[in-house]
Amino acid sequence: MAAAVELIAAPWNLGLRPPTPRRDPGTWRAPQALLSAGLEARLQPARVVELDRPPYEFDAQPATRIRNGVTIREHALRLGEAVQATLAASRFAVVLGGDCSILLGCLLGARRHGRCGLVHLDGHNDFRHPGNHDASLSLGSAAGMDLALATGRGELLLTHWPVVGRPLVADEDVVQIGDREDEDEGAPPVTRFTAQEIQQIGIADLGQRVIRRLERRELDRVWLHLDLDVLDERVLPAVDSPGRPGLDFSQLTELVSTLAGTGRVVGLDVAIYDPELDPDGAYVAPIVDCLASALTPLATERHA
């Protein structure tokens with residue numbers, strides 16, 4: 001039986017601030033690190049698509065207050081084409097990033113096939129936009145804006161897209177999981193399960209609540225965004241903004257497996273692991289094992 005999984009490597013870091021002056025972030029190295037650590041061998045994808053690494057610019061680009069905004073749009077369009085092609089071939093797309101701004105290209109490609117919801121696993125809500133911050137004070141970083149941009153808030157450069165228009169996903173079709181900021185002020189108007197709530201209800205209950213929400217919204221197609229900082233910093237510190245509380249690897253594996261097993265998830269992206277923050281490679285194997293354990297069933301049967 002044909003393999004259902006297709007891997008797309010999106011090696012970019014465009015949506016992040018420089019960790020130190022004039023030094024670009026290391027998340028662009030994550031796709032190759034994951035592939036080299038055995039993810040390809042474990043998932044046995046139908047094929048691996050490797051996108052070019054886009055150039056990182058430290059200074060503002062013309063006509064945008066978003067860092068690397070013009071380049072993000074250009075490469076999101078290319079990523080969108082790759083995701084669209086994967087889904088057109090009836091395969092499950094696994095996009096290896098990179099930072100969270102890859103979400104835009106992923107949703108763009110998924111939306112070319114019709115309505116698509118979003119399950120947003122992230123230790124932060126990534127909801128910064130002109131309505132809640134002053135863009136004139138500093139360049140914005142798209143990795144902290146991806147949910148806002150995806151729901152149509154922010155510059156047209158990254159909110160209005162060919163064919164699809166704006167937004168990429170409606171507020172009502174989003175489920176956000178793992179945000180550590182539990183206050184409601186400034187929170188996105190979407191269905192939310194904070195890190196604190198997850199500690200109380202447990203992963204099994206969380207999975208069922210998310211599924212019921214997708215059923216109520218009649219969402220047959222959903223994209224899964226996985227920012228690895230949803231994991232507790234005690235199990236994965238090699239991310240841009242680690243924190244606690246968060247999930248452990250077994251909980252994340254269970255949740256991704258549960259959601260993917262519904263047949264509603266058409267693809268997922270993996271973001272924010274930074275191999276430069278993991279010089280000994282201590283954390284790449286647990287990440288690979290988590291993803292492979294959750295997604296291996298998809299590698300042996302065609303996605304519905």
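Q: Before anything else, what counts as a strand or a helix here?
A: Helices (H or I, at least four residues) and strands (E, at least two) are DSSP runs, numbered from the N terminus. The model is predicted, so local features need pLDDT of at least 70 and side-chain atom pairs count only at pLDDT 80 or more, while totals for chains, interfaces and linings use all residues. Residues are numbered from 1 along each chain as its sequence is written, and side-chain values use heavy atoms, with hydrogens and water left out.

Q: Where does His 225 sit?
A: His 225 is part of strand S7, residues 222–227.

Q: Buried or exposed?
A: His 225 counts as buried because its relative accessibility is 0%. Buried means under 20% relative accessible area, exposed over 50%, and partly exposed in between (1.4 Å probe, protein chains only).

Q: Which side chain does it make a polar contact with?
A: The side chain of Asp 269, at 2.7 Å from that of His 225. A polar contact is a pair of N or O atoms within 3.5 Å; within protein, one must be able to donate a hydrogen and the other to accept it, and residues adjacent in sequence count only if both atoms are side-chain atoms.

Q: What else is His 225 in contact with?
A: Beyond its neighbours within four places in sequence, the contacts of His 225 include Cys 100, His 120, Asp 122, Asp 146 and Ala 271. Contact means heavy atoms within 4.5 Å.

Q: OK, the sheet. What is the strand order?
A: It is an open sheet of 8 strands, S2-S1-S3-S8-S7-S4-S5-S6, with parallel pairing. The edge strands, S2 (48–50) and S6 (191–193), each pair on one side only. Two strands pair if DSSP finds at least two bridges between them.

Q: How many bridges join S1 and S3?
A: S1 (residues 5–10) and S3 (residues 92–97) pair over 6 bridges, in the parallel sense. Val 5 has Phe 92 of S3 as its bridge partner, and Ala 9 is opposite Leu 96.

Q: And on the S8 side, how many?
A: S3 and S8 run parallel and are joined by 4 bridges. Val 95 is opposite Asp 269 in S8, and that Asp 269 also makes the polar contact with His 225.

Q: How many S3 residues are buried?
A: S3 is mostly covered, with 6 of its 6 residues buried. Phe 92, Val 94 and Leu 96 point one way, and Ala 93, Val 95 and Gly 97 point the other.

Q: Switching to helix H8. Which of its residues are buried?
A: Phe 249, Leu 252, Thr 253, Leu 255, Val 256, Leu 259 and Ala 260. The elements they pack against include S7, strand S8 (265–271) and helix H9 (284–295).
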